[in-house]
Amino acid sequence: MGAAVVILAVAAIAAAPLVVSTYHALLMLPFMAYAVVLLGLNLLFGYTGLVSFGHALFIGLGAYTGAFLTTHAKIRSLELILITAAALGALVAAPIAALCVRYVKIYFGMLTLAFGMVFYTFVLKFYRLTGGDEGMPFLRPSLLGLSLDAMPKIDYLVGPYYYYSLAVLALAALAMWRIVHSPFGLCLKTIRDNPTKAETLGIGVTRYRFYAFVISAVYAAVGGALLGPPTGNVDPTLAYWTHSGNIVFMTLLGGFTSFFGPVVGAFVFIYLQNWVMSVVPYWRLIFGAMLALIVIVAPEGLLGLVSRRRAVPAARA
Amino acid sequence: MQRIFNLACGSFYALGAYAGVSAVGWYVGAGGPPALFIVPLVLAGLAVGAVGFVVERGLLRFVYDRDETFQLLMTFAIVLVMEDAIRMTWGTAPRSTAGLYLAYGQIRVLGATAPVYNLIVILASLAIALAIGWLLTRTAFGRIIRATADNRDMAEALGIDMRRVYAKVFTLGTMLGTLGGALVIPATAAMSEMGIELIVEAFAVVVIGGLGSMRGAFVGALAVGILRAIAISVYPELEMLLIYLIVIAVLVVRPRGLFGAAEA
């Protein structure tokens, strides 16, 4: 039943550009990019029990990697950009993770927030490299070696780029599914539920947290790189701490207790934000109230509500 | 003190700033003497601090028993709401109390000129710091607060009404935030982003000083202020970067901060 829903959802996303308006199809692009980011973030949040308030760092890193490669290094291949972003994400995450995973809960959150802001300040201040607060253009990348510069921008985005993003998301989800259902994933869950017990069972708690952090950073960097082409520009707000907060919000909205919860969260967040902004300019007011409500009454998010409703009749039977 | 890391303190600061601008604007419009503009400023700062009570009763009290992550997210929700609430009320353009900054004139100290208003603010913050110190260490209420911070269950078992303590402490904290925002306003302009900007600085201050330590917060604030001033004059690009690097260094070496309590 679960597999059927997933196949249906993928088919729906694949068919979307043919059915819905171009405008809504374009909104799917950031959704897919964020979905990749959140799959990674949730390995840390939902599966390892560590909430990062600094993952915008890796989104920014991925996005700026793409922007830098396309404008300064004349590298336009998206495959190469994604691989570089992933590698850089891992490289930057390694020392940060090594320090951060020594702490849990609030200290972990604060330390990741501080690292995120270091990167933000770096991006903002070293404008010769990064363009400062104006950001940098992210030139249209070529896909699978095909230069598509001649295509009109919209056709490119809802056509080849759309399906490319979908393929990346599908691959990322598949890989993450394998990770969380491997012995490694089980160890992470054990660590989340009872670190002391995990330690006595011979699981290297710090080492496993470290791996989870680095993997989540790689996902965030890849997702970040995918965010660039739709707007054609990257700017420092991608790395700001409120952006880190927003992605945690998305995860919570969909539900951190389930594998696809964060993906649903990203979808709902982006479309709801878009809709609210078309009605009133104050989306933060409404989203803030929504977040407060989720924290108080439904900490397991939307999918948590669904599974709770399903669980009740089952319990009676 | 409540063991809640409040991301929203910057938002309260911004709220105080806007309230200060409005109060002073109204005061000047009503023809009050410029020399006394600090009175409506302080009153406005204190008055909007009451929002802290609403926030505590309406939102925060539901998450005391939850994981710290949810507490953090709750305060993040407040950040989002407050930012737009301020935009709705005061618009997006920066607001300032033009001209009043120098209403008290300037004085020369050690060969440099400084507006007298800056001195007033420095003295006021010293007085507030001393008052808070007195409240925490010398009064019954202060003892209750500290006991609650140390061991909430035990304090409750001894017959202390936790709900009232939390409501009071949070409101007091909010008032200090809004008052701070109001006091800074003659020297700068109120902007809707100032809340989320300030939080990272406040965060640096608290981390360097140590969570839950008043003395630490004071020293931390001093350290951050001086370091920023030095960095600006030496190598401006490094200004905030330096602060964060120090925060990280402190967190790594002494996660409880320079003045934080020892690991329990």
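Visitor: Which helix of chain A does Ala33(A) lie in?

Guide: Ala33(A) sits in helix H2 of chain A, residues 22–45, where helices (H or I, at least four residues) and strands (E, at least two) are DSSP runs numbered from the N terminus. This is a predicted model, in which local features need pLDDT of at least 70 and side-chain atom pairs count only at pLDDT 80 or more, while totals for chains, interfaces and linings use all residues. Residues are numbered from 1 along each chain as its sequence is written, and chains are lettered from A and ligands numbered from 1 in the order in which they are written.

Visitor: Is Ala33(A) buried or exposed?

Guide: Ala33(A) is buried, because 27 other C-beta atoms lie within 10 Å; the term buried requires 20 or more such atoms within 10 Å of the residue's own, exposed means 12 or fewer, and partly exposed is in between, with C-beta atoms placed from the backbone.

Visitor: And what is Ala33(A) in contact with, leaving aside neighbours within four places in sequence?

Guide: With those neighbours set aside, its partners are Ser165(A), Gly223(A), Leu226(A) and Leu227(A), a contact being two residues whose C-beta atoms, placed from the backbone, lie within 7 Å. As for Gly223(A), its C-alpha is 4.6 Å from that of Ala33(A), although the two residues are 190 apart in sequence.

Visitor: Switching to chain B, how many helices and strands are there?

Guide: Chain B has eleven helices and two strands, and along the sequence they run α-α-α-α-β-β-α-α-α-α-α-α-α. Of the 264 residues in chain B, 41% are buried.

Visitor: How many residues of chain B are in contact with chain A?

Guide: On the chain B side there are 34 residues, which are in contact with 34 residues of chain A. Helices H4 (68–90), H9 (194–209) and H11 (239–253) of chain B each supply at least two residues of that side, and H4(B) has the largest share, with 16 residues.

Visitor: What's the makeup by class on that side of chain B?

Guide: The side of chain B that touches chain A has 28 nonpolar, one polar and five charged residues, counting Ala, Val, Leu, Ile, Met, Phe, Trp, Tyr, Cys and Pro as nonpolar, Asp, Glu, Lys and Arg as charged, and the others, Gly among them, as polar.

Visitor: Which domains is chain B divided into?

Guide: Domain 1 covers 9–192 and domain 2 covers 197–264 of chain B, with bounds that come from an automatic or database domain assignment. Their contact takes eight residues from domain 1 of chain B and six residues from domain 2 of chain B.
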